[in-house]
Amino acid sequence: MPRLIGLVAAIVVAAATIAQGRVTLAQATQGFELVGANDLGARGMNAGLAIAGDCAYVGSRSADQGTLILDLSDPTAPSVAGEIPSNPGSTEREVRAVADRHLLIVLNYWLDPTAGGPNSLDLYDITDCTAPIFRARVDFGDAMPHEFFLWRDPSSQRRNRLLAYVTMWGHAPNLRVVDVSDPARPVEVTSWDAAPVTGIASRIHSLTVAPNGRRAYIADWDTGLMVLDTTALARNRGDLTPALLTPPDHWLTFPGGDLHSAVYMPGKALVVTTQEIYGPGTCPYGELHVVDVHDPAAPVPIGSFGIEENDPAKCPSTAGLDGAFTTHNPLVVGDLAFVTWYAGGVRAVDLSDPAHPSEVGAFLPQPLPAVAADDWTLGSYPVRMWSYPIIRNGLIYVVDIRNGLFVLKYTGKGASTVGDIAWAEGNAT
């Protein structure tokens, strides 16, 4: 309890300025205003976030919780409007929505293989966003999907084409591409795995695809950042199998490994990466890196950023906080990255000088006194900011595993530009 009280006090008496580079916890609520929140019934174990129109969908890390549906018509008071039932034994971990296609996709994977739940993508019609109607399932059998990126074909000739790039994170083939253009009849169109090409097994955690669809930027948990040529998939012609552009001797790794995300910055040939490093004995935890990918055969790291708890010199004191102070999901808009940082909350990072990223905002929620279920692998520190942030009509929506949904207004550097953004998300084009 003293740690919880100390955190709340740190939030209340946040310092007036933010230093460049590393930021202390006492400085951790700056550059954001809290607009609204919902504790999601204090259920805990919350996961991915999707938004379509005035509805939000929040997945779960648990095997016995469903996907919650929220009404966002008043962003100052989001309210729970329903729930997609759970698939016993499986976690409804990731969700994506395409509002104008009235489509919601829920990714399921086993936590308890004996319970009969699926490893799947489940597709729903959300014409009425508060009442999803099941349309189809992409069943991966015994292979567990982990995340997926939703790429929308920008070609006027293929206007309705929609591909889900699904990472299997250790189940070969490690990347599956599913055409979900017709939600009633999804079909896997190709796959890729490093082993047949390089002899090195891949364990892809996440990826992003360039807006034109011709490159995929792969975050492999073990072997680092690599780039695939996905031109054939973008054009929907010929052999659709992606081709590796980065030879194994140029796969980019960082100290500590555990590469989580690789988010492409359109028009700049840069990628923002995060590492998901946490747990006893793993300090220093994961940081953010900026990588030059002008030459996809040889990605080059050019900058990095971490909060104070990522400083190796602080490990003795940080370890005592018993929290997961590690990067997770980044949303990049222009020269700003909004990054969920688990125990570090949400961080706004200025990338205008990509060699020297600096912090321009941070938000930590006031923790709930208690939740029905919690993930103690993340430690006892009561903040677990997790989802990809989504910008909707100038406001930032984000989910904390333990503490629920938060609606934020960004007030730091570049706030007027962010306030004019109608829509932005990090795991879809």
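Q: Leaving aside neighbours within four places in sequence, which residues is Leu 351 in contact with?
A: Keep in mind that this is a predicted model. Leu 351 is among the residues with the most contacts inside the largest nonpolar core. Skipping neighbours within four places in sequence, its contacts are Met 265, Val 272, Leu 288, Val 290, Val 332, Asp 335, Leu 336, Ala 337 and Pro 357.

Q: How many residues does the largest nonpolar core have?
A: In soluble globular proteins, nonpolar side chains tend to be buried together. Here, Leu 288, Val 332 and Leu 351 have the most contacts inside the largest such core. At least two of its residues come from each of β18 (259-265), β19 (270-275), β20 (288-292) and β23 (336-340).

Q: Lys 268 forms a salt bridge with which residue?
A: Look for a partner in a distant part of the chain, 67 residues apart from Lys 268. Lys 268 sits in the loop between β18 and β19, and the partner in the loop between β22 (330-333) and β23. The closest N and O atoms are 2.1 Å apart, and the partner is Asp 335.

Q: Is Asp 153 buried or exposed?
A: Asp 153 forms a salt bridge with Arg 158, with 2.7 Å between the closest N and O atoms. Arg 158 is partly exposed, at 22% relative accessible area. For Asp 153 the relative accessibility is 5%, and the cut-off is under 20%, so Asp 153 counts as buried.

Q: Where does Cys 129 lie, and how many residues apart in sequence are the parts it ties together with Cys 55?
A: Cys 55 and Cys 129 form a disulfide with sulfur atoms 2.0 Å apart. Cys 55 is in strand β3 (residues 55-60), whereas Cys 129 is in the loop between β8 (120-125) and β9 (133-139). The pair therefore ties together parts separated in sequence by 74 residues.

Q: What is the handedness of the link of Cys 283 and Cys 315?
A: These two cysteines form a disulfide, their sulfur atoms 2.2 Å apart. Cys 283 lies in the loop between β19 and β20, and Cys 315 in helix α4 (residues 315-321). The angle about the S-S bond is -90°, and the link is left-handed.

Q: What pattern do the disulfides of the protein chain follow?
A: A search of the whole structure turns up two disulfides. One of them joins Cys 55 and Cys 129, and another joins Cys 283 and Cys 315. Counting bonded cysteines along the chain, the pattern is 1-2, 3-4.

How values were computed
Residues numbered from 1 in each chain as written. Predicted model: local features only at pLDDT ≥ 70, side-chain atom pairs only at ≥ 80, totals over all residues. Heavy atoms only, no water. Core = buried A, V, L, I, M, F, W, Y, C linked by side-chain atoms within 4.5 Å. Buried < 20%, exposed > 50% of the residue type's maximum accessible area, 1.4 Å probe, protein only. Helix = DSSP H or I, 4+ residues; strand = E, 2+ residues; numbered from the N terminus. Contact = heavy atoms within 4.5 Å. Disulfide = S-S within 2.5 Å. Salt bridge = Lys/Arg side-chain N within 4 Å of Asp/Glu carboxyl O.
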